[in-house]
Amino acid sequence: MPAFLDSNHFSAQIPGGKPSSGFYEGSSQCITIGLINNMPDEALKATERQFLSLLDSASDGMLIRLSHYMLPDVPRQEAGRRHLNSFYTSVEDLWDRHLDGLIVTGREPLTTNLMDEPYWKTFTRVVEWAQSNTYSTVWSCLAAHAAILHLDGISRVRRSDKLCGIFECARAADHRLMAGTPAGFRLPHSRWNGVPEDQLTSCGYCVLTRAAEAGIDTFMKQHKTLFLFFQGHPEYESDTLLREYRRDIGRYFKGETDRYPSMPLSYFDRSTVNELTALEGRAIRGRNEELLMEISNTLGMRTIKNTWSSSATGMYRNWLEHICAQKERALQSKRLKAMIHAPRVEWANAALKSSQGMD
């Protein structure tokens, strides 16, 4: 069964984009997932496509309705605001609702202290809401760092260089969320910060996967509901890191940073690495528009093989199956309560009719 968007505005050209008439809230195999997309304006549509495609691939035997939400406090340009106002719902509409699952993305921070971000108050309200109104929530990248800071006061630690590339990850725990995944697999990472494992474990978090070079990859904690945290990006498409690298090179040429960006590790083939290394050396010696165009053209001709999609699909399928199982338990509980309550109602109605001489 497919994943589809809960909106008639979105194009059916997006994989799984057509709404399905077979969706039934009373079935544990029909689940509603909310996506709070905090990504920058230029990455909004790509992030929508990535998560819809991943959920669609992972939806074996399930029907998934994906709804888009926004934090109103996230700074946006006019184009971004227009897109959000046309296709998104404010998180303010969530407070009196229940979702089966939730995915919250990160974004580049504007401040050193996450608690100083303009959306911090609303974000922490989402964290509190999700504990009681979802069966499980995924916190991605910066959203993971912000959530554990709010929940347990765990602060992330900035690296001296950006961690960017495809990293070999190893399973660190036998948990149902890792069922069927290989002992080792590859996943993309793109971040400046990480979280200390000793602080996580001391606060009751379970580390699910880690990488020798990237450190902790995936971890979880059972609150009132299950929270799953990704420091990496299993949802990334094959060329996402390429586009980020090209963006960062553009920032260097514009003088927004004095540091040429690090090339994504284990991502490009050998010949491409050699070519880009030579271009990097020229760029460090002198920035000009023609060289930027040459770099952009070089990147534009590269085709990247996605080596992590099967692992990403497997992890998200396990997450969706967990949600289905929790929803089934809740539905069974409701059915049981209805069965227990029904005879009392029938008896009360019969007694009322008898007293009125209607029986």
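Is C141 buried or exposed, and what is its relative accessible area?

Modeller: C141 is buried, with a relative accessible area of 12%, where buried means under 20%, exposed over 50% and partly exposed in between, for a 1.4 Å probe and protein chains only. Please keep in mind that this is a predicted model, in which local features need pLDDT of at least 70 and side-chain atom pairs count only at pLDDT 80 or more, while totals for chains, interfaces and linings use all residues. Residues are numbered from 1 along each chain as its sequence is written, and side-chain values use heavy atoms, with hydrogens and water left out.

C141 sits in the loop that links strand 6 (136-140) to helix 4 (142-152); helices (H or I, at least four residues) and strands (E, at least two) are DSSP runs numbered from the N terminus. Its backbone has a phi near 55 degrees, a positive value in a residue other than glycine. S266, in the loop between helix 6 (240-253) and helix 7 (270-285), likewise has a positive phi without being glycine, near 50 degrees.

Leaving out residues up to four places away in sequence, Y316 touches F51, L54, L55, A58, I103, V138, F230 and P234, contact meaning heavy atoms within 4.5 Å.

Apart from neighbours within four places in sequence, S67 is in contact with D6, T32, I33, G34 and L35. The side chains of S67 and D6 are joined by a polar contact of 3.3 Å, that is, a pair of N or O atoms within 3.5 Å, of which, within protein, one must be able to donate a hydrogen and the other to accept it, residues adjacent in sequence counting only if both atoms are side-chain atoms.

V157, by contrast, is partly exposed at 46% relative accessible area and belongs to strand 7 (residues 157-171).
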